[in-house]
Amino acid sequence: NEPKTVEVNGKEYTTDDAWFNVPPNVLAATSRKLHLQKDHPVYITRKIIESQFPQPTYRYHNNFDPVVSTQQNFDSLGFPPDHPGRARSDTYYFNKDTLLRTHTSAHQAQTFKANLSEGYLVSADVYRRDAIDRSHYPVFHQMEGARMWDRSKYADGAVANAIWADVNKLPKHDVVVEDPNPPYHPERNPLQEAHTPAEAEAIGAHLKRSLELMVVEIFTRAKTAAAKADPDYKDEPLRVRWVEAYFPFTSPSWELEVYYAGDWLEVLGCGVVKHELFANAGVPNQLGWAFGIGLDRIAMLLFQIPDIRLFWSRDERFSSQFTGVSDDLSSLRRFVSFSKYPACPKDVSFWLRPVSAAGGNPRTNTQDFHENDVMEIVRDVAGDRAEDVRLVDDFTHPKTGRRSVCYRINYRSLERTLTNEETNDLHSEVTRRLVDRLGVEIR
Ligand code: PHE
C-alpha cells in the first residue's frame, strides 16, 4: 500500500503505484538543502564559485523546488524518449510525469524564459539512483551557470565583437591549459545553424576563460589548505584540459578536467546553448553558454573529506570544523577525521529469479535485474550505516544458464561502533527484502 500523495517542501504530489519509487530516506533529504546551510562544506563551495560569477551580471537562484516534470528535466532539453536517464532504475519518480530532478539543467527553460539577467547561477539538490560507495549518494548538489547575449541589441553581425570585448574584460590566469580541440567540429561537435562561426568562437572563448578562472580559484584554495595541513606538501603546478563532450542541449560541448593530486578529475560539463532552447523559451534573440558542476565532489576535495555520508551527518565533530569559514575563506582548512569505527563486511549470494511467463531474458534464463534495486534495499534498511556495496561474484551455471551474484555489503557507522547484533539484524532484513521484493533465491 504505497501512499497516494506525498508532501515535499509543503507541496503535495499524487503518486502512481506503477511509477512511485522514492524511498523514505530520499524523501526526507529534500528538506536538508545542504547548499543553504551556513558553513556546511557544500555551502562554502557554492560561495567560492559564486565569488567568480559576480552579481548583478549573474543572478543567483538557490530555492528552486526539487520536484519537476519530465518536460523540465528531459523533454525541454532535447533528451530522446528512450534516453536511459529516464529509466525508473536511474531516476526517482512520483508518477509518470513528475520526478525528483536529476540535474540543475531542469531549470534552464524557465530561467531563460524569465530572462531576468544576462547570466545566472542555479544551485540545488539533485537526485539519482546509483551505486553505494564513499563518493556516491542518491542526493547530491549541482550548480548550473549560464551567460547570454541579446543579438538584437547589436548591429547586424556585431554581437561576436561584443562577446570578445567581454572576454577581454575577464581576468587572466597563468595555468597551463591543454586544449587541442577546434572551436567546433562538423561531426563530433557541430556548429549550430543559428550561429556564425565567429559567434560560436566568441561564446566558446568566453565560456572557457570563465570556467578556467573558476577552477583556478577552487584548486588554489584546495592546495593552500592541503599545504597548511602537511609540512611536506609538494606543490605541483595546476594543469587543466578541455575534452570534447556531448549533451543534448548544447553544441559544441566540452568537459573540463583538472590534474590534481596525481589524477585527471572530470570537473564540469558545458557548451554553447542550443538555439531551440532559447526559441522555445520565447527569447529567440539570445545566444550564450551554460555549464553544470557537481558541488559535493569539489567540497570533498577542498576539505579532504573521505566519505560523502559525512555531509549528511548531524554530528558536531563534523560541523564544528567549518564554523566561520564562509565569512573568512582564508580560514579554510582540511577536515580532520574523527576516529574511524570498525567496518563489518557481510556477503549475500543469490540466484536471480528464473525466466517465466512474466518476462525475462531467455539468453541468461533470468529475469531482468537492476543492481540499483539492490542498492536501494540496502539504503532503505541500513541508511547511512552502509558504506559500500560491491559485486564480488557473478556466476552463470554452465548447464542451466541460471545466473547468481554475490554482493559484499560493508556496514559501518561514521559516528559509533555497530554491535554484532545490530549488523546481523540489518543484514537479515536486507536478505529478507531481496527475497521479498526481487524474488531472488538465497544460496
Ligand atoms: N546537466 C549536465 C549534467 O548533469 C551538465 C551540463 C550543464 C552540461 C549545462 C552542459 C550545460 O551532466
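Predicted model: local features only at pLDDT ≥ 70, side-chain atom pairs only at ≥ 80, totals over all residues.
Which strand is the place of Pro252? Pro252 sits in β11, the strand made of residues 250-260.

Let's start with the overall layout.

Now for the ligand. The residues around the ligand are His103, Ser105, Glu144, Phe247, Thr250, Gly269, Cys270, Gly271, Ala290, Phe291 and Gly292. Two strands, β12 (263-273) and β13 (286-294), each supply at least two residues of this shell. Sorted by class, the shell has four nonpolar, six polar and one charged residues.

Next, have a look at helix α8, residues 295-303. Helix α8 is mostly covered, with eight of its nine residues buried. The buried ones are Leu295, Asp296, Ile298, Ala299, Met300, Leu301, Leu302 and Phe303. So what covers them? The cover includes helices α2 and α6 along with strands β8 (139-150), β11 and β13.

Let's take the two covering helices in turn. Two packed helices are described by the angle between their axes and the distance between the axes. For α2 (residues 41-50) and α8, the axes come within 9 Å and cross at roughly 95 degrees. An angle of 65 to 115 degrees counts as roughly perpendicular, so α2 is roughly perpendicular to α8. On the α2 side, the contact is made by Pro41, Val42, Thr45 and Arg46, and on the α8 side by Leu295, Asp296, Ile298, Ala299, Leu302 and Phe303. By class, the residues of this contact of α2 with α8 come out as seven nonpolar, one polar and two charged.

The other partner is α6, residues 197-229. Here the axes of α6 and α8 come within 8 Å and cross at roughly 35 degrees. Ile218, Arg221, Ala222 and Ala225 of α6 meet Ile298, Leu301 and Leu302 of α8. The residues of the contact of α6 with α8 divide into six nonpolar, no polar and one charged. Notice that Ile298 and Leu302 turn up in the contact with α2 and again in the contact with α6.

Follow the chain just past the end of α8 and you reach Gln304, which takes a positive phi of about 55 degrees. Why stop there? Most residues other than glycine have a negative phi, and most peptide bonds are trans. This model has other spots of that kind to visit.

One is Asn9, which isn't a glycine but has a positive phi of about 45 degrees. You'll find Asn9 in the loop between β1 (5-8) and β2 (11-14). Is Asn9 buried or exposed? Asn9 counts as exposed, because it has 11 C-beta neighbours inside 10 Å. Another is Asp39, also not a glycine, with a positive phi of about 70 degrees. Asp39 lies in the loop between α1 (24-29) and α2. With 16 other C-beta atoms within 10 Å, Asp39 is partly exposed.

Then there are the cis peptide bonds. One joins Gln55 and Pro56, with omega about 0 degrees. Pro56 is in the loop between α2 and β3 (58-61).

Last stop: Phe318, in helix α9 (residues 316-319). Phe318 counts as buried, because 20 C-beta neighbours lie inside 10 Å. Leaving aside its neighbours within four places in sequence, Phe318 is in contact with Leu310 and Ser313. Phe318 and Phe335 are 17 residues apart in sequence, and from C-alpha to C-alpha they are 8.2 Å apart in space.

Technical notes
Residues numbered from 1 in each chain as written. Near = placed C-beta within 6 Å. Helix = DSSP H or I, 4+ residues; strand = E, 2+ residues; numbered from the N terminus. Nonpolar A, V, L, I, M, F, W, Y, C, P; charged D, E, K, R; others polar. Axes fitted to C-alpha atoms, helices over the stretch in contact; angles between N-to-C directions. Parallel < 35°, antiparallel > 145°, perpendicular 65-115°, else oblique. Contact = placed C-beta atoms within 7 Å. Buried ≥ 20, exposed ≤ 12 C-beta atoms within 10 Å, placed from the backbone.
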